[in-house]
Amino acid sequence: MKRLIVLAFAVLSAVVLSAADAVPKYVFLFIGDGMGKDHVALAARKLGHLNMERLPVRGSVSTVNADGRTTDSAASATAFACGVKTLNGRLGVDTQGNFVDSCAVLAKCQGRRCAILTTVGLNNATPAAFYSHVYKRGEAKTILKQYSAYPFDILVGTGIDGMKTGVKTEDFISGAAYGADGNEEKGSAETVGGKIMIVAKNDAPFFALRDLHLPVLVHSPAADDLAKYVRKSIELMEDSPKGFFMMAEGGHIDHAAHANDAGRMIEEIRKFDEAIGVALEFQAKHPNETLIIVSADHNTGGLK
C-alpha cells in the first residue's frame, strides 16, 4: 500500500508538471469539505473568479465509500489520505480493519516537513485521517492521543473536538510528549519535555516563530483564517532540503451547505480560495517543484 501511494503521487506529479520523471518537492493538498462542482460554480459566479480555476488540469473523482454508498468525511478523507476505500466513520483503517499509513506519514518518513491545517477541530475527521487509526470518527480524545505517534511539524485547528471549556490541554492529550500551562482562557504557549510546543487560544506565539525546532500544535479560533496559516506554514517549512507536504481544509464549507446557507457557503469558499491563492504565489516562485491539488471530499446540501 505504501508503494501504491508513492506511485500515485509520482503519476499525478508527472501529469501536472508535464515531466515524466518529475517528483514535486512541495505538495499542497487543499480539501474543501462538502464543496461540490455546483458550489464552486455558484461561488465563481458570485465572486467573479476563483484562484482554483487557474489550475491547469481538471477532473472528477467518485467519493462513494467501500459499500458504494454516500460517503462521510471520515471515509472520504481516508481515501484521500491513505489511498484506500473504507466504511463510513473509519479513519486510517481499511475494510479489513488494518491500519493504513497516510501520504503525510510517508512524506514525513521521507524527511519532508508536514503541516495539517483545518478551519475546524484539529481532531475532526478530515485532518484526523492523516494521523489517526480509529473505527469511529467520534473517538475524539483517542484520535488526538494518536498524534504523538506522528508529530507532524505543524498541526492547526480552530479548536479540539470533544474538549470542554476550562479543560487543560495536558488533561485532554495524555502522554509524556504533551502538556501546557493550563492557562487556556488567556492563551498559552508551552514547550514541554523538549518535544512539542502547544499554542492555545492566542496564536501570537505561533506567528512569532522563526524556525521549527519542535513540532507545533495550535488550537485557536483565529485558525479560521486559513490563508494566514498557509502563508506562515510555508515560511516555516520552505527551507526544508527535501521539501514539504501540506494539507489545508476549508471545513466550514460543509457546515454552511448542511444548513443550506448559500451566502455563508460562498463566503467560506472565498476564504478557502484565498488560501489557494497563497499557494499559487509560492508556486510562481518554484514552478517546476510545486504540486497543488484542490478537491472536495464530498458534495453536501444537494445544490443544483
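Count up the aromatic pairs here and you get 13, taking rings of Phe, Tyr and Trp (its six-membered ring) as paired when their centres lie within 6.5 Å, with planes under 30 degrees apart called stacked, over 60 edge-to-face and the rest tilted. Keep in mind that this is a predicted model, where local features need pLDDT of at least 70, side-chain atom pairs count only at pLDDT 80 or more, and totals for chains, interfaces and linings use all residues. Residues are numbered from 1 along each chain as its sequence is written, and side-chain values use heavy atoms, with hydrogens and water left out.

Here are two of the pairs:

| Ring pair | Centre to centre | Angle between planes | Type |
|---|---|---|---|
| Tyr-147 and Phe-152 | 6.2 Å | 70° | edge-to-face |
| Phe-206 and Phe-207 | 5.2 Å | 85° | edge-to-face |

Tyr-147 is buried at 0% relative accessibility, and Phe-152 is buried at 0% too; buried means under 20% relative accessible area, exposed over 50%, partly exposed in between (1.4 Å probe, protein chains only). Phe-206 also counts as buried, at 0%. Phe-207 has a charge over its ring: the charged end of Lys-228 sits 4.6 Å from the ring centre (the rule wants NZ of Lys or CZ of Arg within 6 Å of the centre and within 35 degrees of the ring normal).

Elsewhere, ring pairs tie Tyr-26, Phe-28, Phe-30, Phe-244, Phe-272 and Phe-282 into a cluster.

Now for strand 5, residues 196-200 (strands are DSSP runs of E, at least two residues, numbered from the N terminus). Five of its five residues are buried, so strand 5 is largely enclosed by the rest of the structure. Ile-196, Ile-198 and Ala-200 cover one side, Met-197 and Val-199 the other. Strand 5 pairs with strand 6 (residues 216-219) in the parallel sense over four bridges, where pairing takes at least two DSSP bridges. Ile-198 stands opposite Leu-217 in strand 6.
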